[in-house]
Amino acid sequence: MIADEKGEVPVAEEVVAKRSPHQPFPDDMPAEQQLTVRACVVGVIVGGIICASNVYLGLKTGFTFGAGLVGAIFGFGLVKPLSNLPWYFGGGSYFGPKENCTVQTVATATSALGSMWVSAVPAMYQLGLLGDSPVDDAGRLISLAVVTSYYGLFFAVPLRRYFVIKYKLTFPSPTAAAVTIRSMHDSVGGAEIGKKQAIVTLVSFVCAMLFCVAQWFAPGILHDWHLGYWIAHAGVPSAIAMENWAWILEWTPAFFGAGMLSGPNASYSMFFGSFLAYGIIGPQLVKNGLAVGRFNGGNATNLDEWLYFGANPIKGRATPRFWMLWPGVAMMLAHSLAEMAMNYKSLGNAIRLGVAEIVSLVTRKENTNTEVDDEDPATPAERVATWEWVLGVFISTIFSIIVLKVQFDVPVGHTILAVILAFLFSFIGIQASGDTDINPISAVAKLSQLVFGGITKSQGFAVAPAQTINLVAGSVAGSAAYHSADMVGDLKTGYLLNASPRSQFYGQVVGALFSAFIGFGVYVVFSKAYPCINDSSYETCAFGIPSVTSWAAVAKVLTDSSISIPTSSLYAALVFMILAVLTTVVKHFWIPSKYHIFVPNWTAMGVAFVLNTQTYSIAMAIGATFAIVWGKWRPKSYELFGLALASGLTAGEGFSGLITAIFSVAGLDNSVIGTSIGCTLDGTTGEYVFCG
């Protein structure tokens with residue numbers, strides 16, 4: 001039981017016990033099976049839900065969240081009760097922390113491939129590089145997903161030995177997952193807390209899902225509050241500027257939860273980025289004739305209504321969003337590269353020693369490096385054999401060469417280079433994730449695009465083939481590096497729990513296979529329900545698709561000389577790049593770490609510049625504020641249930657997005673059976689325009 005939230009927590013303090021993030025926890029639990037059918041089934045189900053949520057969230061804002069903690073809590077909540085039932089119900093054997101670790105490992109692997117469906121693949125459709133629809137390209141896309149999904153898994157095996165065991169990186173989220181799993185299994189009190197955490201996650205998931213499905217039928221009442229529009233309609237015409245610049249209050253559980261998970265630095269930085277871009281710079285651009293919008297008003301309302309968020313120029317003149325795109329991408333890239341540069345010693349050391357470790361494993365020659373000690377708690381039988389991951393990399397490379405050449409006409413040399421870049425970028429992703437819990441996938445992806453953009457231009461490729469190579473090969477390199485960090489993070493969780501890395505490896509193999517098909521299926525549903533995801537001609541879209549926009553924009557700039565970027569936008573991009581680098585340098589050299597939270601997060605600000613709405617920035621800022629107040633007011637309660645609540649809210653709305661997309665594909669018209677009350681009025685007819 002938990003005491004009053006303002007008092008002390010008895011006995012169950014095991015749940016929040018301070019354990020070392022660098023040494024395995026005591027291996028004093030009963031022996032158990034680790035790689036089981038029930039663990040894989042539950043892991044795939046939970047991972048599939050998170051994959052669907054991540055595709056939804058990624059298309060909305062470019063943000064995705066790991067499945068480790070959710071998999072750990074749901075794994076306990078679902079499998080623990082089953083363990084007392086007969087075997088044919090999934091029970092009949094002890095369920096302990098190591099099998100729980102397998103559940104979260106499979107869940108992470110199943111959800112990990114969501115990144116390509118919210119970036120490179122829609123970008124290829126927007127540039128006209130693929131067929132008419134994802135269904136027509138099913139074979140090409142699934143084969144690309146399959147060959148992409150396994151590099152990170154195979155790279156993770158040798159990198160575990162260095163980054164987890166020898167270099168002992170912290171990996172904050174995987175460590176938190178390990179502490180949570182062990183705490184839930186430690187005692188009766190721990191199990192009780194684990195059940196309550198699972199209940200909080202499940203209840204918040206279901207409530208968010210049902211609320212967001214209801215929003216689909218009454219968006220003007222439950223979803224978007226167009227405050228500026230209605231204030232203008234009530235007699236304050238100048239308030240229409242709030243509507244024109246998308247300052248709309250949206251009741252979104254996902255991004256409320258995202259603000260809780262991301263914390264105040266990222267959330268407030270994103271809000272400040274929105275304010276700077278579309279509260280200050282955007283209106284000044286329009287006022288001074290540097291950007292234009294499209295008039296959207298009429299005699300019925302007599303309001304000065306404009307659309308400013310078209311992704312493409314209007315009659316050769318930039319829209320505010322097109323203008324903002326380049327400073328946004330520039331500051332994201334500069335910030336990520338500056339952060340990596342500030343850690344050049346540890347990153348260079350990691351690459352040097354990691355390569356030496358892999359050479360030692362492959363050649364079976366002793367590594368003479370004495371800077372670190374080998375303290376692998378796994379027995380030889382529990383470790384993944386060298387031939388397994390080496391053969392896996394070899395087979396994946398061969399299949400990648402075949403798939404990319406046959407399906408996308410990518411030259412063999414470019415594919416091999418993509419694999420090499422993926423391996424090198426894995427060091428960057430793992431180092432950053434292990435130190436800061438942030439995987440710089442944006443910078444890694446842009447680096448891969450820059451490499452292939454330079455190569456295709458020097459080799460004289462035509463625009464369309466060059467863009468295909470840029471996006472496909474760049475996706476292989478970026479996705480593999482991203483997955484490597486996720487997989488090594490899972491192995492960190494297993495290391496702390498004394499789980500078998502071999503069992504985790506095969507659990508990852510299972511999850512990665514399902515990930516390719518689940519991710520494709522979810523993407524098909526969303527793209528059918530919302531064609532604007534794949535078609536840049538739409539002026540408005542329910543999804544912000546910032547990653548898609550930035551991938552497509554970089555590919556166009558690197559391959560098409562006819563693309564004209566406004567000079568003022570380029571100057572602004574240069575200024576923001578300099579500011580991003582300078583603030584990062586100042587932060588690392590002169591600002592104490594306890595004050596780093598007050599230094600702007602330029603990556604989050606860059607995302608705000610690229611988005612087509614301010615609703616997500618507002619919701620995340622509110623969520624972060626709520627987390628701060630809760631944590632100050634009742635810290636024990638927040639420590640136990642804050643992440644569980646946020647994870648449930650985020651996953652719940654993401655899954656509801658899949659449900660409503662299925663409704664749309666099935667022909668259920670919410671504009672007919674729903675209500676448009678609370679939405680805006682048509683400028684010509686004066687009638688409500690359904691805003692769902």
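Charged and aromatic pairs

Reply: K405 counts as partly exposed because its relative accessible area is 40%. The model is a predicted one. The partner of K405 is D409, and the two side chains form a salt bridge with 3.3 Å from N to O. D409 has a relative accessible area of 51%, and since the cut-off for exposed is over 50%, D409 is classed as exposed.

Side chains of opposite charge can pair when their charged atoms come close. The number of salt bridges found here is four. One of them joins the side chains of R38 and E99, at 2.7 Å between N and O. R38 belongs to helix α1 and E99 to helix α3 (residues 97-111), so this pair ties together parts 61 residues apart in sequence. Both R38 and E99 are buried.

Another salt bridge is formed by E388 and R502, whose closest N and O atoms are 3.1 Å apart. It links distant parts of the chain, with E388 in helix α15 (residues 386-408) and R502 in helix α19, 114 residues away. Which of these two side chains is buried, and which is partly exposed? E388 is the buried one, because its relative accessibility is 9% and the limit for buried is under 20%. R502 has 28% relative accessibility and therefore counts as partly exposed.

Now the rings. The whole structure holds 31 aromatic pairs. One of them is Y56 with F543, an edge-to-face pair with centres 5.9 Å apart and planes at 80°. Y56 sits in helix α1 (residues 37-61), while F543 sits in the loop between α19 (501-529) and α20 (546-559), so the pair ties together parts 487 residues apart in sequence. Y56 and F543 are both buried. The ring of F543 has a charged neighbour too: the charged end of K60 sits over it, 5.0 Å from the ring centre.

A further pair is W225 with W251, which is edge-to-face because the planes stand at 75°, with the ring centres 5.1 Å apart. W225 is in strand β1 (residues 224-225) and W251 in the loop between β2 (249-250) and α12 (253-287), so here the parts tied together are 26 residues apart in sequence. W225 is partly exposed, with a relative accessible area of 36%. W251 is also partly exposed, at 36% relative accessibility.

Ring pairs can also join into a group: W245, Y278, F295, W306, Y308 and F309 are linked into a cluster this way. Elsewhere, R634 lies over the face of W633, at 4.5 Å from the ring centre.

As for the setting of these pairs, the protein has 25 helices and four strands. Of its 692 residues, 58% count as buried. Among contacts between residues at least 6 apart in sequence, 82% join residues at least 24 apart. C691 lies in the segment after α25 (670-673). Leaving aside residues up to four places away in sequence, C691 touches P219, G220, D224, H226 and C679. C691 counts as partly exposed, because its relative accessibility is 22%.

Notes. Residues are numbered from 1 along each chain as its sequence is written. This is a predicted model: local features need pLDDT of at least 70, side-chain atom pairs count only at pLDDT 80 or more; totals for chains, interfaces and linings use all residues. Side-chain values use heavy atoms; hydrogens and water are left out. Helices (H or I, at least four residues) and strands (E, at least two) are DSSP runs, numbered from the N terminus. Buried means under 20% relative accessible area, exposed over 50%, partly exposed in between (1.4 Å probe, protein chains only). Contact means heavy atoms within 4.5 Å. Rings of Phe, Tyr and Trp (its six-membered ring) pair if their centres lie within 6.5 Å; planes under 30 degrees apart count as stacked, over 60 as edge-to-face and the rest as tilted. A charge sits over a ring if NZ of Lys or CZ of Arg is within 6 Å of the ring centre and within 35 degrees of the ring normal.
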